[in-house]
There are 6 protein chains.
Amino acid sequence: LKLICSKEMGLDPNVTRYLKRIERALIVSIPIMMDDGSLQIYEGYRVRHSTVRGPGKGGIRFAPNVNLDEVKALATWMTWKCSLLKLPLGGAKGGVCVNPRELSKKELEKLTRRYASAIINIIGPDIDIPAPDVNTNAQIMAWIMDTYSMNKGRAVPGVVTGKPIEIGGSVGRNSATGRGLYFIIDAMCEKLNIKLESQTIIVQGFGNVGGWIARLLYERGCKILAVSDISGGLHYSEGLEIDKLLKWTQQGNYLKDYNDKRYNLI
Amino acid sequence: LKLICSKEMGLDPNVTRYLKRIERALIVSIPIMMDDGSLQIYEGYRVRHSTVRGPGKGGIRFAPNVNLDEVKALATWMTWKCSLLKLPLGGAKGGVCVNPRELSKKELEKLTRRYASAIINIIGPDIDIPAPDVNTNAQIMAWIMDTYSMNKGRAVPGVVTGKPIEIGGSVGRNSATGRGLYFIIDAMCEKLNIKLESQTIIVQGFGNVGGWIARLLYERGCKILAVSDISGGLHYSEGLEIDKLLKWTQQGNYLKDYNDKRYNLI
Amino acid sequence: LKLICSKEMGLDPNVTRYLKRIERALIVSIPIMMDDGSLQIYEGYRVRHSTVRGPGKGGIRFAPNVNLDEVKALATWMTWKCSLLKLPLGGAKGGVCVNPRELSKKELEKLTRRYASAIINIIGPDIDIPAPDVNTNAQIMAWIMDTYSMNKGRAVPGVVTGKPIEIGGSVGRNSATGRGLYFIIDAMCEKLNIKLESQTIIVQGFGNVGGWIARLLYERGCKILAVSDISGGLHYSEGLEIDKLLKWTQQGNYLKDYNDKRYNLI
Amino acid sequence: LKLICSKEMGLDPNVTRYLKRIERALIVSIPIMMDDGSLQIYEGYRVRHSTVRGPGKGGIRFAPNVNLDEVKALATWMTWKCSLLKLPLGGAKGGVCVNPRELSKKELEKLTRRYASAIINIIGPDIDIPAPDVNTNAQIMAWIMDTYSMNKGRAVPGVVTGKPIEIGGSVGRNSATGRGLYFIIDAMCEKLNIKLESQTIIVQGFGNVGGWIARLLYERGCKILAVSDISGGLHYSEGLEIDKLLKWTQQGNYLKDYNDKRYNLI
Amino acid sequence: LKLICSKEMGLDPNVTRYLKRIERALIVSIPIMMDDGSLQIYEGYRVRHSTVRGPGKGGIRFAPNVNLDEVKALATWMTWKCSLLKLPLGGAKGGVCVNPRELSKKELEKLTRRYASAIINIIGPDIDIPAPDVNTNAQIMAWIMDTYSMNKGRAVPGVVTGKPIEIGGSVGRNSATGRGLYFIIDAMCEKLNIKLESQTIIVQGFGNVGGWIARLLYERGCKILAVSDISGGLHYSEGLEIDKLLKWTQQGNYLKDYNDKRYNLI
Amino acid sequence: LKLICSKEMGLDPNVTRYLKRIERALIVSIPIMMDDGSLQIYEGYRVRHSTVRGPGKGGIRFAPNVNLDEVKALATWMTWKCSLLKLPLGGAKGGVCVNPRELSKKELEKLTRRYASAIINIIGPDIDIPAPDVNTNAQIMAWIMDTYSMNKGRAVPGVVTGKPIEIGGSVGRNSATGRGLYFIIDAMCEKLNIKLESQTIIVQGFGNVGGWIARLLYERGCKILAVSDISGGLHYSEGLEIDKLLKWTQQGNYLKDYNDKRYNLI
């Protein structure tokens, strides 16, 4: 597919060949002294696909199925995403092969700080700027920023995006992906001469992206027929009350445990 | 095997677990503008198994079958080798997946310099010190040293070993591996009460290691019955004239083309 | 008091305990070859109370009664002041125990440059940014900036605030403290429904702060009944002519020597 | 006293005045999350008296009565000690005001690493080189070296002396102070024409210094009448068996608990 | 002349004396392996006249008659030009004594990169920022930026101005000098009460400056009677069609070869 | 001449061409506030002829006739001198165009420190190491070392040779040039079968080189017929008493003022 794109775009074959490869990939071992005194060693990655257009940009994910090939592919996507928006940023991605749900908070902090230490020479505001991704959040970005800043001897907020607002994060970042999607839907409807308010909607996923798009479409007046999360889904032909569902899930509950007789569990 | 060793040595299981993993591996793409104007991209590696005992130490090989797993294994060996000799050095290794025989000298220089550039932040006299290995030699070390030195703005001879003597290389390094082997054979014979001079010898390989061990044993008075290189082998039951064979091969010839009717080609 | 504040604010006791301590204090000896050839050694300080919210920020004072405890307290205030205004800055302060009036200009320059040299590794645009304070001014900031810039090999205007406008200082900084006070008085009067123009005013101090607030209130139309400086004060029930008094003191004169028969010396 | 010395030595008064002051003192707060989850903040110091003759040199002590004045005095002594031996080293000293016996090993490691982090910019092989002192040992030096090395990205054994031999410490350092004392006693006896072997000896203190001097004199043939440690002392007019006592105390026992009916507890 | 200016401006004689000298000049040898295998060595310069007002700013020219004195003079002009516009920049200039028309593109790239390497420690976004000048263009700036960025390990677009727009250059820079001249002519006409549109114009030079001023005045409605380039000039009393001439020359043609019978070759 | 040498040595013409050029030359302005308050600006140089064999090495001279061409030539000589002795050092030289006898000691210190500041980025233990030369001595080296060390924040004795012994200078350096000459004369006499002790000698120059060679030959038993310094010469056919003459000149006196009726002033 990428090759076809390249041809369509009239890219020099040398450039195509170059873009098919990642600039560099770093694999690191992350030994952690667990709460029970044993030593576990996790494998982490940070891949830079291209920094021709600027510092690398891309998230860090913590998941049990993270591997080098996945991270390479995601880093490649970041190059294309950033350049489509003409951002002066390249593409990068990172990850640790770990199930963070099995770690205590202390272990998670240790893992994050050791990983940050291991990649400290290849990240930085001018080089490569991590961000949250699957299973990583503002807290984890704060640990990375702190580890990096301790090493440099001064606060370096520019080393990560997606950090808590209190230490320099951007207001609105939390809803940004969902809101962006909403803008696209809105613009598309306008272009297609469809009235967005009168559409019925099904949303798959109810977290940081799905939850926000559901909320924004619900507030716009759309009827949300069904939503789903990892536990299952809810359906109601008259339209779900998204505001109440969001309160429920934000308290750490699953959709399937939501108690409203009108709704069908699917 | 390594696990058995560890148990024999009474290593803490945490240490064993730690030693089974490499500290870090860097994979880099090395784009080279070939003499014909096309762009080729090679993949290079530099792996550090352990730097607990000191800076990483280990060669760089250029070969078509180099891959990450091989380099990881070789880096691990370097840790064990250095620590057996109580050297304040850790274990590392590097390589590029390329057949250097297919490159012109200009292309080889470009490849070497670009690879050196790509790993420049993870090598250095205090961090990790490359050396020659399969298909790499003093000239290639000189290019690496020059690339590194240009970057630092001053000559840094300590960044590689195995460089030419003129720019700070060690006298005797060329024969060191073969001579070391000779010392071991000599010591073993003494221990076993065998008279080394009266032994008959067959040497497999006739390059930097095999050639030197053949020469040293020949000078000691041993009868060398057979030697071989990539082209084949020579056998003579009265003992080969190693000094003449070495002159022949040092002129770039193969053993199989050596012209002495007494010798059997094998 | 601070403890009460903390409790009122509902601060975590660990945070309170942390905020009661300074992060770091540096004490330095500043040997100066005096104009008479003798060596005098002065003691200087630079204290960082907290850099959690950003680089340290705080003035440097030259005064005979400067001591470590005072500087610590002032650095602590800076943290609170900066965070009340939500500035991305922490709290710091510095000082030298010296009476600058007893130094020649050359000695003062030497003292300033030697002090700047001694603290050079703990100040900087990203770390800790000094500013003028008691007995230090734009000229002294220029010396600090020059000493720092010479060390870095390039002009670094961001290392101090309060420098001369010609080398990057901010326009309006001179009057900023007085003008800020004026804004507060103005806002307070509005809130209290008092007409500021019809108030009578007494101003204690007639320098960088008192002089400016007197001028601004005088220009607003207030009657300034009395002003004072280190020499004494002047009183006139019909209202002093502040513009003339300022011209007088700006020429280096004291208020007590101002010659206007209508005014009472107090 | 020092003034008298200076006069005797014919020092320039400017030099005397300079030597009476320390170059710089850094005071740092060391917040530690204790095992019970509370936050304790300790105060640490690192003082450089003089680096005119080379990098600072001096121990780090952990004790509840450590304070800035003590550390300043000890740093001054180090300058004099190093220069008497014409070592190219200056004088420095550090300490943390803490009772290490009240800390768990984890807390002690955290304290050491945080203290090392806090002084990281003012120590180093070319600047100031810490060493063990009261309540600090090879383990603590190893933590400091590791913290420093992590920050630099490579092993820096030169940042501390007194580290474990395995990571670059000097053989014989453990006994060096006691052995030095022994050499002095030996040389003095020779000078005074006293036969050392026939002397009777009392040793106060039985640790790293006292234990070694007792052992060395005992091995020389002297009769050791009494020794003491923090728990009390032992006396035996026929001479104590020092080798057995050392085995006892090296197992962590006190002298007062040693069970030998011939010995008097004092 | 400069002395007269200084007097008119009331400059302190010390300042005048200071401004008459350049801060520093670096002369470098630039050895290049030519396409024919021979080694040619060129001489290059980079001069900083003054960095009192900010980082040095000034072009790099490649020309056979470049010499140190010329570069010094041009660097001095840059200081005056930047300070007249109150830019926070100082004055600098560089050059290589070479006829770039005699080099192949590969040789030109080698020359540029080697020159950039040789001056790499005295240029930079905070120190001294080169720009295109005689015979240097966006491509050459890109090579300088790439050489500098490779050395720093990250893209540093701020090291040169006049680079291609794709890698961070400024839109409109190409026409900036000509357009600035046009603004001046326009403003002058307005001040002198002359109607610009009705003027007849002769333009000497038809490249980056002359071509643009001709185009802008032509578009404004002026009659351009004559233009000239290195090959000669064209004259037409009814006014030349500048748009067509520009197309012609932009294809790499000379004015003298333009084929229009109405025009006189001069 | 050099070309002839190169041919004799069979040097590659490319290498010859390379050796005929200096690597780099830095020209700096050194503004000094004189004791009378005026500003004088001196011109200084530091030239590196070649650093292929190691860091540059070469003296710094202060003299009124110093110019760029002289310094270039001297730097070139240093390359040849160092490589003849197979030292791992290249060739460099520096100088300031000033008559140091016209400066007060304070002005001389200012000049030296400002010059050292101006060349601070191109000297260093690994890059280029200055030494005393005409009109520069151990004191001036100490100022350079101090300026450099202040900039680096730690004592860097390796930045200059020829510094005072107290701060790391080499014992015997003072007499080294003269003693070297003496060794050569001695060896030559032995080779020519001449008895050195029975020779008569005339020495031109009576400073650091001439004074030492005169002393060493005098102590060997040679008859020194005549010596000379800048003031003139002394002759005595029975042989001068060199030890007394040295005492005289070491007190700052000229030879021509020496009062011994037996000696002829020449």
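The legends below describe close-up views of a predicted model.

In this predicted model, local features need pLDDT of at least 70 and side-chain atom pairs count only at pLDDT 80 or more, while totals for chains, interfaces and linings use all residues. Residues are numbered from 1 along each chain as its sequence is written, chains are lettered from A and ligands numbered from 1 in the order in which they are written, and side-chain values use heavy atoms, with hydrogens and water left out.

**View 1. Helices H7 and H8 of chain E cross.** The axes of H7(E), residues 210–220, and H8(E), residues 242–250, come within 10 Å and cross at roughly 155° (helices are DSSP runs of H or I with at least four residues, numbered from the N terminus; axes are lines fitted to C-alpha atoms over the stretch in contact, with angles from 0 to 180 degrees between N-to-C directions). That angle makes H7(E) roughly antiparallel to H8(E), a term for angles over 145 degrees.

**View 2. Residues of H7(E) meet residues of H8(E).** Gly211(E), Ala214(E), Arg215(E) and Tyr218(E) in H7(E) are in contact, meaning heavy atoms within 4.5 Å, with Ile242(E), Asp243(E), Leu246(E) and Gln250(E) in H8(E).

**View 3. Chain B can be laid on chain A.** The superposition, made by least squares on the C-alpha atoms of residues with pLDDT of at least 70 in both copies, has an RMSD of 0.1 Å and takes a turn of 180° with a shift of 0.0 Å along the axis. That is the relation of a two-fold axis, and of the residues of chain B, Leu26(B) comes closest to this rotation axis, with its C-alpha at 2.2 Å.

Notes. Helix = DSSP H or I, 4+ residues; strand = E, 2+ residues; numbered from the N terminus. Parallel < 35°, antiparallel > 145°, perpendicular 65-115°, else oblique.
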